[in-house]
Amino acid sequence: MVSARFDGSFAGWRQAARELLQQGVTADQVTWYSHDGDTDLFAAGTPCATPHLATTAIRVPRQLLNLLESAARYRCADRWSLLYRVLWRVSHGDRSAMLAGDADGSELHKRLKAVRREAHHLHAFLRFQPCHVENGPDFVAWHEPAHDILHSASGHFAERMGQHSWLIATPQDGVYWDGQRLQHQQHCPQEWQQLAQAPGDEGQQLWLAYYGSTFNPARLNRSVLENNMPVRFWKNLPEGPLIPQLMSQARAGAQRDGQAQAVAQRSGKIIRYRNDSEQTPSGSVGPGLPR
């Protein structure tokens with residue numbers, strides 16, 4: 001076995017993979033070790049010797065490099081092994097390794113899909129809070145992604161928040177936008193994490209009141225809710241503590257009102273909620289609606 005050591009970045013892996021390809025080292029001969037502690041296998045191997053570089057350049061499609069860079073953001077024990085296996089096969093003429101119908105290609109595309117979905121989760125479930133620390137950013141946020149998507153996906157916020165400065169911290173890495181330039185720290189500084197996890201501001205109470213009053217228990221579908229808003233994100237959402245409470249009220253009978261309990265208890269005209277199972281009388285489109 002050959003031990004391939006690199007800095008944990010895709011650029012570092014790409015350089016090491018190029019040298020291994022030039023030496024003719026096959027995928028099943030490599031154990032990958034990154035400096036951040038990520039290893040593909042637990043078996044020790046011999047260090048990679050200084051390569052005798054081949055005279056002919058190794059060429060692979062640009063599309064493949066883009067796919068591999070995206071798939072490298074997927075966290076798993078063998079993330080680098082799969083990438084090198086696909087790279088080896090394509091560089092030797094087997095382009096089927098890039099296709100979803102191939103075993104390696106199928107796993108590659110599964111990881112790409114998971115990475116895209118995790119980026120969507122960042123955009124949908126991140127909640128910025130004002131930062132009142134002197135010389136600090138205007139806004140801070142804490143997020144716990146399942147994959148390494150923060151650096152590639154955080155440009156979304158730079159395009160939408162104008163000249164405001166902001167910081168996003170995670171247990172692994174962090175990004176800081178000063179209004180003009182995005183700075184990424186592969187290992188999130190502790191002071192960034194403390195800023196992002198500081199107690200929320202008073203404006204959160206207004207948001208909680210809004211969320212609670214607009215929640216519609218009549219439309220609650222727990223499985224759909226948890227599929228589109230995974231439970232693991234609830235703890236970091238301002239409205240997160242409210243969600244189980246509102247779901248419990250819906251199961252306890254609030255669904256018949258079609259509105260939040262606090263709203264239903266107010267005085268005013270009651271509009272009866274009609275179940276889908278109820279039939280509309282023949283000759284009319286609906287209650288109070290002309291034909």
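**Entry one: Q193.** A reminder to myself before I start: this is a predicted model. I looked up Q193 and found its place in helix α7, which covers residues 190-196. Is Q193 buried or exposed? Its relative accessibility is 19%, and the cut-off for buried is under 20%, so I put Q193 down as buried.

Next I asked which residues Q193 touches beyond its neighbours within four places in sequence. My list reads W142, A169, T170, P171 and C188. I also checked Q193 against H143: the two are 50 residues apart in sequence, and their C-alpha atoms lie 10.0 Å apart in space.

**Entry two: cysteines.** How many disulfides does a search of the whole structure find? My search came back with zero. I then looked at two cysteines one by one. C76 has a relative accessibility of 21%, so I noted C76 as partly exposed. C131, with a relative accessible area of 14%, went into my notes as buried.

I traced strand β7 over residues 174-177 and strand β8 over residues 182-185. The two strands pair in the antiparallel sense, and I noted four bridges between them. Which residue is the bridge partner of W177 in β8? I found L182 there.

Definitions and conventions
Residues numbered from 1 in each chain as written. Predicted model: local features only at pLDDT ≥ 70, side-chain atom pairs only at ≥ 80, totals over all residues. Heavy atoms only, no water. Buried < 20%, exposed > 50% of the residue type's maximum accessible area, 1.4 Å probe, protein only. Contact = heavy atoms within 4.5 Å. Disulfide = S-S within 2.5 Å. Pairing = 2+ DSSP bridges.
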